[in-house]
Amino acid sequence: MSERIQAPRGTYDVLPDDHAARGRVLRVAENVLERAGYRRIETPVFEHTELFARGVGASTDIVQKEMYTFDDAGGRSLTLRPEGTASICRAYLDHGMQKLPQPVKLWYHGPFFRHERAQAGRYRQFWQIGAEAIGSDAPALDAEAIVLLATVLDELEVGGLRLRLGSLGSPETRAAYREELQAHLRAHADQLSEEVRSRIDLNPLRAFDSDHPGTQAVMQTAPRLLDRLSAEDAEHFAEVRALLDAVELPYEIDPTLVRGLDYYARTVFEFTSDALGAQSGVGGGGRYDGLIAQLGGPATPAVGWAAGMERMLLAAGDAPIPEPMVDLYVALDGESTARSQGFRIAAEARRAGLNAQVELAGRSMKGQLKQASRLQARYVAIVDDTGQARLKDMDAGEQQEIPHTDVVAQVLRGRGLR
Ligand code: ATP
Ligand code: MG
């Protein structure tokens, strides 16, 4: 016997029993977003590597170590998408969406790929639901995006939710702050973790995320970006907060909040859930005013978020899963005439909108009746070679003999559908 081939590490199969819960998450998100004017978009699962190098940022963890990149037969470097925002901005430009009334509000759902250490709540292929609002720098856009994600999580009954909120200011403020922070880190280099020290030049902000005690002590006294915001950015941030206050959405200001994208500016936010373990981030996002210009488009402000399907499922309450309902089970008690009549009855039943199954495994009559009761079929039609069918009403425990051509009409009447 040959050795069985395993699924790649960090991936999982979505089994039939899993779909009810996933479908619920998707429907809740779709409903919340579409009612707020967001429209669904789908982009390819792979893109030119350059899109993510520029659109996520060359210094980010994602681009540095987490991308599945390969050359195609034509020698082009392609990458399985690690996130959705860059692709959507590309599509916005490709389809001239800047000519539409702004902001353009889009949402998406699909698989994403990151080469990460696989663990609970962290996969190498995972699913995200995300939303992007492109073409306005109004603080209301940020607040609306945050409120919509909060609504989705609330309707899913995600427990122990916290919203952390911060502002990164403008790229200029960040650049000046970055130098100030680098100077602070260099002055205390001997206390920092190896990793943080080696990344002072590349990504000093990440030091705030470190769980290394020495690094954490150094960060206690580090300068805070929130204290360095320009008057305009501080005002923008104040307006976002005022709007969240207006809808009584609680949040915590987190001056150390860092997001994985290089082109975030101004608002950043993250929802975490106590119901999750170490991987507590359920969803997050922020404003990325510099990104579309970075991709070669006109300067276009935008804001968006993404939430992880697996983590929403882990943190959401168990929803009741409805039993699939079988209206009619067609059992076969004969040879080829019974088989073709049974096949025809099932097809007719489905055309009429009934959930119908026909025996496909060559079971004995006893086995067929057992299968019908396993499926909790409401009616069973036993078809033989004579053109007659015995129709059993499983609830009432009654049986009648009718022509096989009357079976569907009889079931429809019994189901109150005709
Ligand atoms: P984390 O801090 O957990 O690494 P992140 O900051 O990398 O998250 P984002 O890029 O903002 O996450 O993606 C948004 C959401 O997607 C996260 O909040 C999380 O719910 C989910 N997510 C990200 N990476 C993974 C993964 N490898 N497996 C499962 N879900 C993920
Ligand atoms: Mg990550």
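Helix 1 and helix 5 cross in a right-handed way, where right-handed means that the near helix is turned clockwise from the far one by less than a right angle, and left-handed that it is turned anticlockwise. This is a predicted model, in which local features need pLDDT of at least 70 and side-chain atom pairs count only at pLDDT 80 or more, while totals for chains, interfaces and linings use all residues. Residues are numbered from 1 along each chain as its sequence is written, chains are lettered from A and ligands numbered from 1 in the order in which they are written, and side-chain values use heavy atoms, with hydrogens and water left out. Helices (H or I, at least four residues) and strands (E, at least two) are DSSP runs numbered from the N terminus.

**The helix 1 and helix 5 crossing**

- The axes of helix 1 (residues 19–35) and helix 5 (residues 139–155) come within 9 Å and cross at roughly 145°; axes here are lines fitted to C-alpha atoms, for helices over the stretch in contact, and angles run from 0 to 180 degrees between N-to-C directions.
- On the helix 1 side, the contact (heavy atoms within 4.5 Å) is made by R24, V28, A29, V32, L33 and R35, and helix 5 brings L148, T151, V152 and E155.
- Sorted by class, that contact has six nonpolar, one polar and three charged residues; Ala, Val, Leu, Ile, Met, Phe, Trp, Tyr, Cys and Pro count as nonpolar, Asp, Glu, Lys and Arg as charged, and the others, Gly among them, as polar.

**Salt bridges**

- Side chains of opposite charge can pair when their charged atoms come close.
- The count comes to 24 salt bridges, each being a side-chain nitrogen of Lys or Arg within 4 Å of a carboxyl oxygen of Asp or Glu.
- R199 and D61 meet in one of them, at 2.9 Å from N to O. R199 sits in the loop between helix 7 (194–198) and helix 8 (213–220) and D61 in helix 3 (residues 61–66), so the pair ties together parts that are 138 residues apart in sequence.
- R199 is buried, with a relative accessible area of 11%, and D61 counts as buried at 18%. Buried means under 20% relative accessible area, exposed over 50%, and partly exposed in between (1.4 Å probe, protein chains only).
- R228 pairs with E180, and their closest N and O atoms are 2.6 Å apart. With R228 in the loop between helix 8 and helix 9 (231–246) and E180 in helix 6 (residues 171–187), this pair ties together parts that are 48 residues apart in sequence.
- R228 is partly exposed at 36% relative accessibility, and E180 is partly exposed at 31%.
- R378 and D393 form another salt bridge, at 2.7 Å from N to O. R378 lies in the loop between helix 13 (365–374) and strand 14 (379–383) and D393 in strand 15 (residues 388–393), so parts 15 residues apart in sequence are tied together.
- R378 and D393 are both buried.
- E47, R90 and D94 are joined into one network by salt bridges that share partners.

**Strand 6 and its partners**

- Nine of the 10 residues of strand 6 (residues 125–134) are buried, so strand 6 is largely enclosed by the rest of the structure.
- Strand 5 (residues 104–113) runs antiparallel to strand 6, joined by 10 bridges; strands count as paired if DSSP finds at least two bridges between them.
- P111 has W127 in strand 6 as its bridge partner.
- Seven bridges link strand 6 to strand 11 (residues 302–308), again antiparallel, and A131 is partnered there by W305 of strand 11.

**Two open sheets**

- Strands of a sheet pair through backbone hydrogen bonds, either parallel or antiparallel.
- One open sheet has three strands in the order 2-4-3, with antiparallel pairing. Its edge strands, each pairing on one side only, are strand 2 (46–48) and strand 3 (68–71), and the twist averages 35° from one strand to the next.
- Strand 3 and strand 4 (residues 77–80) run antiparallel, joined by four bridges; Y68 has L80 in strand 4 as its bridge partner.
- Another open sheet has five strands in the order 13-12-14-15-16, with mixed pairing. Strand 13 (356–358) and strand 16 (398–403) are its edge strands, and neighbouring strands are turned by 20° against each other on average, direction ignored.
- Strand 14 and strand 15 are antiparallel over five bridges, with V383 opposite A389 in strand 15.
- Helix 13 lies across strand 12 (328–332), strand 14 and strand 15, and runs at about 170° to strand 12.
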